[in-house]
There are 2 protein chains.
Amino acid sequence: MSKALPKKSENYSEWYNELVKRADLAENSAVRGCMVIKPYGYSIWEKMQRALDDMFKETGHQNAYFPLFIPKSYLSKEASHVEGFAKECAVVTHYRLKNDPNGGGVIVDPEAKLEEELIVRPTSETVIWSTYKNWIQSYRDLPLLINQWANVVRWEMRTRLFLRTAEFLWQEGHTAHATKEEAVAETEQMLEIYATFAEEFMAVPVIRGRKTPNERFAGAEDTYCIEAMMQDGKALQAGTSHFLGQNFAKAFDVKFLNKENKQDFVWGTSWGVSTRLMGALVMAHSDDEGLVLPPKLAPIQVVIVPIFKGDEQLAQISEKVNPIVKELKKRGISVKFDNSDKQSPGFKFAEYELKGVPVRLAIGARDLANGTIEVARRDTKQKATYQIDSIVESIVNLLDEIQENIYNKALQFRTDNTAKIDNWDDFVKILDEKPGFISAHWDGTSETEEKIKELTKATIRCIPLDAVDEEGVCIYSGKPSSRRVIFARAY
Amino acid sequence: MSKALPKKSENYSEWYNELVKRADLAENSAVRGCMVIKPYGYSIWEKMQRALDDMFKETGHQNAYFPLFIPKSYLSKEASHVEGFAKECAVVTHYRLKNDPNGGGVIVDPEAKLEEELIVRPTSETVIWSTYKNWIQSYRDLPLLINQWANVVRWEMRTRLFLRTAEFLWQEGHTAHATKEEAVAETEQMLEIYATFAEEFMAVPVIRGRKTPNERFAGAEDTYCIEAMMQDGKALQAGTSHFLGQNFAKAFDVKFLNKENKQDFVWGTSWGVSTRLMGALVMAHSDDEGLVLPPKLAPIQVVIVPIFKGDEQLAQISEKVNPIVKELKKRGISVKFDNSDKQSPGFKFAEYELKGVPVRLAIGARDLANGTIEVARRDTKQKATYQIDSIVESIVNLLDEIQENIYNKALQFRTDNTAKIDNWDDFVKILDEKPGFISAHWDGTSETEEKIKELTKATIRCIPLDAVDEEGVCIYSGKPSSRRVIFARAY
Ligand SMILES: [Zn+2]
Ligand SMILES: [Zn+2]
């Protein structure tokens, strides 16, 4: 780490961009808007995938894989889907290159033009529902609970590592049900799984809510979401779960014979989270020294740095450290003993801080004599001296404590930056002076929602699921409202 | 399972196609050449991925992710790479759709034409080496041992589920090294990992070998491969590992400062296996009743089918079965207790045979009285009565035995269908009458290789790594040869 990161408090945006690159999470590629996810970043994504995949499977879902390409005509089948979606996407028009007859590499072979253009999937509802048509005949074929891990492409003009990229990785669940009630229950179940994942693994508290009709997924009858607060007070939508009603079933003619022996359209849901979560993870916890990773998602949970002069001292330290490494691994803790003599301990300390390793142990000659070891927490930056004999137990407990502390800190931050606001002047003022979540009344109309967005760049993040009935008047229009919604500027 | 599969002995090709579909492994999608991998098929692929990924990580590799799109100009940078590869691929030319002003859905927006076309990756050497240029400055940055799990697209005119599809899933390793020796060692190590995976997990014996210059990967200096024999005697290339020399480093200007403080080009390797392995797995072991899966890759390793009349009998059986299920799960064995009363035991037996479940247990009232349980092996179709008290131990052992037996059967088949041939007439005759591997002398020229292919459709699958020096004359030209190579017709 040659020079310091930009300061979070001075330039949040630059701090984020630099941190993502320097911590080896991701970088921009030569293809505009497409990122390279570097090994360290990818190993965090793998941990996210594993945790989510386990939860999907525990709730009866299976993985499958559907085509990357979607025939152009499919996108027109669900009218509101194409309205909201289909415009900015990568279009495949040809299937062959040939050598340039004038020299100079390869050119597209004009004779290899596709009869119908193919769209690189921006999401897979259309191609999946066209497949479900053949898989579903009777209520016995339902529910169909399928998830896909895949790459998708949405041609974004302004991109940002993890947060908004032309190509990104995600999972998309697509389920089919015999009844509306079951589909709604599935939509809610998956939202709760996302919320649990965000809170228990990412240590990011989230608000569970519903989108307004304006902000619904194109083709959905209801969109649920989880909203997280970043350290600049902005909101980040961390996952969505859609109740599709019978819209896609009707668009792709997916009917089933129900228990009453009658044909009916199938009810659907879809739900997804993406590599955007990586951005949320960085933005929610990290600081001016680098990443702060919750232990459950840290590729290296514990690093041990020996402080030594010469091979003999290193050998003595290693003798003490090796059984600790072995025991930690046995407990399922990922640990690295960095015994390289190429970098100084100070350099290593800074490097592992940058990478967000939750616990750092340092051990030198004096520790050996005293039977102690120095323990540094990444989250609080506290250092303490521990007994080496019971260090494994101590670390196991400490990792739990860190996980909890990171969550509590984020929760406290959100509490401190959430305000109940009841008049327009305060609303406008707080957005600039102390950005965060604003709990305010709204008259329920799209017009007001759009007007507020236009005037303040704040959007309705969601109507919280736990919102209580409360008489009030709309912050903007003064019209009556029966409960508060969450406003914020958002990523 | 309503009607029987086509017979393997009568129409191998049709048997394969039908089996893949009926066993719920995969099906064709509406997009020509792109398949849908169904949940049951995908769960086998997930097991393959897990096993391979573990082996990659044990040998120091890390996963990362690189862009789906490759700028067209990149493909021209490595001359022989583009010659061998770049022609049949999906070309993205536009990035936006718009509503058809004449009604009728969406059309490609002619104003959204890309300045430079993008190619959907057929393989990622070019985009990865263009990235490595920024990652590698000195020998301290080497080796770089990276793998990617991804989808790739090669526009095939004639496609076949798993074996040849326009889009397929794979992993591609791309490593960079300071010395030629190290890169060659990596190439060989990865081939050995593939061979170990094929033999120990897929239960498919493979020949480790080198490709002839004609059959090398475009841009490689040496291509190693593993070749498996299918039940129709044809060869299937199950994995390749390429020594790239300094070709891609030179094409993308990837230099490093070596230990002698001099600039040098980096040495590279790449290696991959794909969902083609699914095809190999099916073709190597299955029979007229359906899949035969090796236990290590079977999504369900043991199925338990109760034979009962009425709820009371089922309850009695369940009481006996539940602890067995629990104990098997504790041993890491995936087990399904199919207590549904919607299908008859006979229907279930056929269904699990079709799906290749290695062990089926059946238990009825008389078994309860006798303390026994009926055990049926999928591989040999043998049935036996076991003591229920020791059934868990018996099954653990039986699964190992089945894994081994499936491998040995495939190995015996390969032995029986491999012939040493020393004259042209026999060569031509055996290819039609008893297809398999032919070990024969070849004069080492591309002309002869091509002529043999033209005359017989047999290709040189590889020069086996364990080939012994042996004076002989070329099967076709009569010119001198110093060792035998493997010929076969291939998928
Ligand atoms: Zn929301
Ligand atoms: Zn070969």
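Modeller: Helices (H or I, at least four residues) and strands (E, at least two) are DSSP runs, numbered from the N terminus. This is a predicted model, in which local features need pLDDT of at least 70 and side-chain atom pairs count only at pLDDT 80 or more, while totals for chains, interfaces and linings use all residues; side-chain values use heavy atoms, with hydrogens and water left out. Residues are numbered from 1 along each chain as its sequence is written, and chains are lettered from A and ligands numbered from 1 in the order in which they are written.

With a relative accessible area of 7%, A:Asp109 is buried; buried means under 20% relative accessible area, exposed over 50%, and partly exposed in between (1.4 Å probe, protein chains only). Apart from neighbours within four places in sequence, A:Asp109 has A:His94, A:Arg96, A:Leu97 and A:Lys98 in contact, where contact means heavy atoms within 4.5 Å. From A:Asp109 to A:Pro295, 186 residues away along the chain, the separation between C-alpha atoms is 52 Å.

A:Pro464 is buried, at a relative accessible area of 9%. Its contacts, neighbours within four places in sequence excepted, are A:Ile207, A:Arg208, A:Gly209, A:Arg483, A:Arg484, A:Val485 and A:Ile486. Of these, A:Arg484 is 20 residues from A:Pro464 in sequence and 8.3 Å from it in space, C-alpha to C-alpha.

The zinc ion (ligand 1) is coordinated at 2.0 to 2.3 Å by A:Cys225 (SG) and A:Arg461 (O). Since A:Cys225 lies in strand 12 (residues 222-229) of chain A and A:Arg461 in strand 24 (residues 459-464) of chain A, the pair ties together parts that are 236 residues apart in sequence. Donors are N, O and S atoms within 2.8 Å of the metal (3.2 Å for Na, K and Ca), and water is not among the atoms, so sites may look incomplete. A:Cys225 is buried, with a relative accessible area of 0%, and A:Arg461 is buried at 6%. In chain B, the zinc ion (ligand 2) has B:Cys225 (SG) and B:Arg461 (O) as its protein donors, 1.9 to 2.3 Å away. This pair links distant parts of the chain, with B:Cys225 in strand 12 (residues 222-229) of chain B and B:Arg461 in strand 24 (residues 459-464) of chain B, 236 residues apart. B:Cys225 has 0% relative accessibility and counts as buried, and B:Arg461 is buried at a relative accessible area of 5%.

Further loops carry backbone features. The peptide bond from A:Leu142 to A:Pro143 is cis, with omega near -5°, and A:Pro143 is placed in the loop between helix 5 (125-135) and strand 9 (144-153) of chain A. A:Lys381, a residue other than glycine, has a positive phi near 60°. It is found in the loop between strand 20 (372-377) and strand 21 (383-387) of chain A, and A:Lys381 is partly exposed, with a relative accessible area of 41%.

Helix 1 (residues 12-22) of chain A has 8 of its 11 residues buried, so it is largely enclosed by the rest of the structure. Among the buried residues of this helix are A:Trp15, A:Tyr16 and A:Leu19. The buried residues of helix 1 pack against strand 1 (26-28), helix 8 (276-285) and helix 10 (345-354) of chain A. After helix 1 of chain A comes A:Asp24, whose phi is positive, near 65°.

The axes of helix 12 (residues 424-433) of chain B and helix 13 (residues 446-456) of chain B come within 11 Å and cross at roughly 45°. The contact involves B:Trp424, B:Phe427, B:Val428 and B:Leu431 of helix 12 of chain B, together with B:Ile452, B:Leu455 and B:Thr456 of helix 13 of chain B. Axes are lines fitted to C-alpha atoms, for helices over the stretch in contact, and angles run from 0 to 180 degrees between N-to-C directions.
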